[in-house]
Amino acid sequence: MSDKWDWQVELGKAHLIDRDIAEFLGINKTAFSQLRKKMIEGRGLAATELDRSRWDKTLDYIEIHKKKHSKI
């Protein structure tokens, strides 16, 4: 995702909000917000391995939900 607007569009397609993803990852909303900023606005340049792992899980989770809701 290239910017925060793309992020909102993708979440909308998956019928998710940031809090849903934070719960899925087992972190609080503030920690997820920081991760999202680091990966989208910062392009992952300062990301740790844990950040990258969480981000990969996030993108997979969104894709699963998008597919689930596109079949409805």
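Predicted model: local features only at pLDDT ≥ 70, side-chain atom pairs only at ≥ 80, totals over all residues.
With which residue does Glu10 form a salt bridge, the closest N and O atoms being 3.5 Å apart? The partner is Lys13. A salt bridge here means a side-chain nitrogen of Lys or Arg within 4 Å of a carboxyl oxygen of Asp or Glu.

Residues are numbered from 1 along each chain as its sequence is written, and side-chain values use heavy atoms, with hydrogens and water left out.

**Figure 1. The whole protein has four helices and zero strands.** Starting at the N terminus, the elements run α-α-α-α. The radius of gyration is 12 Å, close to the 11 Å that the globule rule gives for 72 residues, so the protein is as compact as a globular protein of that length. That radius is taken over C-alpha atoms, and the globule rule is 2.2 Å times the number of residues to the power 0.38. Helices (H or I, at least four residues) and strands (E, at least two) are DSSP runs, numbered from the N terminus. Along the principal axes, the C-alpha atoms fill a box of roughly 40 × 25 × 20 Å.

**Figure 2. The surface of the protein comes to about 5,000 Å² of accessible area.** Carbon and sulfur atoms hold 52% of this surface. Accessible areas come from the Shrake-Rupley method with a 1.4 Å probe; for residues, only the protein chains shown count as cover. Of the 72 residues, 33% are buried. Buried means under 20% relative accessible area, exposed means over 50%, and partly exposed lies in between (1.4 Å probe, protein chains only).

**Figure 3. The protein carries 15 positive and 12 negative side chains.** Lys and Arg count as positive, Asp and Glu as negative; His and the chain ends are not counted. The centres of the two sets lie 2 Å apart. Each charge is placed at NZ of Lys, CZ of Arg, CG of Asp or CD of Glu. The salt bridges number six.

**Figure 4. Glu10 sits in helix α1 (residues 4-14).** Is Glu10 buried or exposed? Glu10 counts as buried, at 15% relative accessibility. Its salt-bridge partner Lys13 is partly exposed, with a relative accessible area of 47%. Both residues lie in helix α1, three residues apart, about one turn of the helix.

**Figure 5. Glu10 also forms a salt bridge with Lys66.** Here the closest N and O atoms are 2.4 Å apart. Glu10 lies in helix α1 and Lys66 in helix α4 (residues 49-70), so the pair ties together parts that are 56 residues apart in sequence. Lys66 is buried, at 18% relative accessible area. A network of salt bridges links Glu10, Lys13, Glu63 and Lys66.

Figure 6. Glu49 counts as exposed, at 61% relative accessibility. Arg52 is partly exposed, at 34%.

**Figure 7. Ala14 of helix α1 touches Ile62, His65, Lys66 and His69.** This list leaves out residues up to four places away in sequence. Touching is a contact: heavy atoms within 4.5 Å. Ala14 is buried, with a relative accessible area of 0%. Ala14 and His69 are 55 residues apart along the chain, yet their C-alpha atoms are separated by 6.4 Å.

**Figure 8. His65 lies in helix α4 and is buried, at 13% relative accessible area.** Which residues does His65 touch, not counting those up to four places away in sequence? They are Ala14 and Leu16. Across the protein, take the contacts between residues at least 6 apart in sequence: 55% of them join residues at least 24 apart.
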